[in-house]
Amino acid sequence: MADDKNAPQVTPAAEGPQAGAAPGPAQPTGVIGKLINVISSIFMPFLGAFSAAGLMKAVAACCSSFGWLDTAGSTYVIINAIGDGLFQFLPLVIALTAADRFKCNKWISIAVAAFLCHPDIQALTTTFADAGGPTFFGIPVQLPGSGYLQSVIPIILAVYFQSWVEKPMAKLPETVRGLFGGTLTLLITSVVTLLAVGPVANLIADLVAEGLLWLFDVAPIVAGFVMGAIWPVMIIFGLHWALVPVIISNMATLGYDFILPVTAGSNFAIGAAVLAVLLKTRLPKLRSLCTETLFTVWIGGISEPAIYGVLLKYKRPFAMMLVGSGVCGAFVASFGMRINALITTSFVTLPALWGACGWQEVVGIALGMVVTFALTLLIGYSDAMAGEA
């Protein structure tokens with residue numbers, strides 16, 4: 001049979017993008033860029049519900065601050081719970097989207113998150129305080145300072161670890177895998193998370209707290225800038241809870257605290273960055289998201305929707321916000337601002353902050369907002385970045 005040399009030759013499909021195809025989003029480079037991309041991708045699927053819950057928290061804050069409802073009444077409790085429910089059990093929601101991100105069994109992931117959020121686990125430290133602390137077969141168990149409710153990074157690490165545990169499980173015979181695969185995955189992931197994540201989180205938190213306290217003694221203005229700038233980063237990783245006992249201890253022993261005043265400007269700077277993005281963007285979905293999260297952070301004092309939904313996604317606005325928040329912290333620290341009560345930070349509570357700290361606190365907040373807004377408006381965002389998110 002003769003070769004058909006005149007037949008048209010079939011060219012193999014190219015492995016790369018076809019000519020003329022629109023370029024996809026640029027892939028993040030570097031460890032920090034990839035980490036931010038992972039966190040953002042985990043939060044994006046439920047961002048609408050996150051923003052809605054934040055708005056309900058803002059409504060509850062208004063009802064409380066303006067005296068519209070009795071905070072001891074059932075109506076207020078119900079309204080507040082509608083907004084607070086998602087935040088209280090955030091690890092369960094994150095487990096679902098993280099499982100999609102890391103390609104593992106989402107129901108096992110939810111089971112791990114439910115284990116971490118179980119009331120008995122949350123109370124381990126206090127329940128077994130008289131026995132020298134909780135243990136697991138003699139191995140000491142340490143929980144993060146605030147437990148695992150409302151935490152972010154522990155469950156992400158747990159689900160990532162689960163994705164590796166499932167790989168050898170997939171090689172087991174089908175009968176064995178069907179009987180014991182899920183159980184072993186749940187057991188190994190839960191125990192390793194409990195024994196490893198808690199101590200690591202506590203170690204990092206303690207190092208950060210001790211380093212900042214030392215810096216406040218040596219160079220208050222520098223410490224104020226650093227504290228103000230890294231506070232939003234600490235919120236992302238849940239490390240800010242490590243400083244809450246320090247703040248409470250300061251108030252109990254000294255009668256005042258100097259950490260809270262330098263971090264009070266963070267929520268206002270976050271809102272200023274979101275406002276700048278809102279004014280610059282022409283993308284309808286982003287404008288809607290910015291409007292929702294702006295109200296959430298400035299009125300409700302809930303910063304997470306703005307951080308995860310807008311600032312971290314585009315990265316540069318987040319950096320501009322850190323600078324503005326740091327400027328606020330440095331200004332406040334230069335006056336040695338002190339506070340003697342725990343006060344949430346939003347426009348609703350701004351008069352209370354003024355009364356507790358003084359006019360310097362409000363001026364510092366305004367300065368941080370102006371710096372953040374100007375930097376974000378000038379160099380922090382453009383719609384061209386939307387393809388890079």
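This dialogue walks through a few features of a predicted model.

Reader: Where do I start? How many helices and strands does the protein chain have?

Author: Start with the count. The secondary structure of the protein chain comes to 18 helices and 2 strands.

Reader: What share of the residues counts as buried?

Author: The protein chain has 389 residues, and 44% of them count as buried. Now look at contacts with a separation of 6 or more. Residues 24 or more positions apart account for 74% of these.

Reader: How do I read a pair of helices? At what angle do α4 and α5 cross?

Author: Compare the directions of their axes. Helix α4 covers residues 90-102, and helix α5 covers residues 106-117. Their axes come within 8 Å and cross at roughly 155°. Angles over 145 degrees count as roughly antiparallel. So α4 and α5 are roughly antiparallel to each other. The crossing of α4 past α5 is right-handed.

Reader: Which residues of α4 and α5 meet?

Author: From α4 come Pro91, Leu92, Ala95, Leu96 and Ala99. From α5 come Lys106, Ser109, Ile110, Ala113, Ala114 and Cys117. By class, this contact has 9 nonpolar residues, 1 polar and 1 charged.

Reader: Why do residues three or four places apart in an α-helix point the same way?

Author: An α-helix has 3.6 residues a turn, so residues at that spacing point the same way. Keep the idea in mind when you look at the α4 side: Leu92, Ala95, Leu96 and Ala99 are among its contact residues.

Reader: Are α10 and α15 roughly parallel or roughly perpendicular?

Author: Read the angle again. Helix α10 spans residues 220-237, and helix α15 spans residues 304-314. Their axes come within 11 Å and cross at roughly 105°. The range from 65 to 115 degrees counts as roughly perpendicular. Therefore α10 and α15 are roughly perpendicular to each other. Pro232, Ile235 and Ile236 of α10 make the contact with Glu304, Ile307, Tyr308 and Leu312 of α15. That contact has 6 nonpolar residues, no polar ones and 1 charged.

Reader: How many residues does α16 have, and how far does the helix reach?

Author: Check length against residue count. Helix α16 runs over residues 316-334, which makes 19 residues. From first C-alpha to last, α16 reaches 27 Å, close to the 27 Å expected at 1.5 Å a residue. Gly336 follows α16, and its phi is positive, near 65°.

Reader: Is Thr263 buried or exposed?

Author: Under 20% counts as buried. Thr263 has 5%, so it counts as buried. Thr263 lies in helix α12, residues 260-263. Leaving aside neighbours within four places in sequence, Thr263 is in contact with Met227 and Trp231.

Note on methods: Residues numbered from 1 in each chain as written. Predicted model: local features only at pLDDT ≥ 70, side-chain atom pairs only at ≥ 80, totals over all residues. Heavy atoms only, no water. Axes fitted to C-alpha atoms, helices over the stretch in contact; angles between N-to-C directions. Helix = DSSP H or I, 4+ residues; strand = E, 2+ residues; numbered from the N terminus. Parallel < 35°, antiparallel > 145°, perpendicular 65-115°, else oblique. Left-handed = near helix turned anticlockwise from the far one by under 90°. Contact = heavy atoms within 4.5 Å. Nonpolar A, V, L, I, M, F, W, Y, C, P; charged D, E, K, R; others polar. Expected span 1.5 Å × (residues − 1). Buried < 20%, exposed > 50% of the residue type's maximum accessible area, 1.4 Å probe, protein only.
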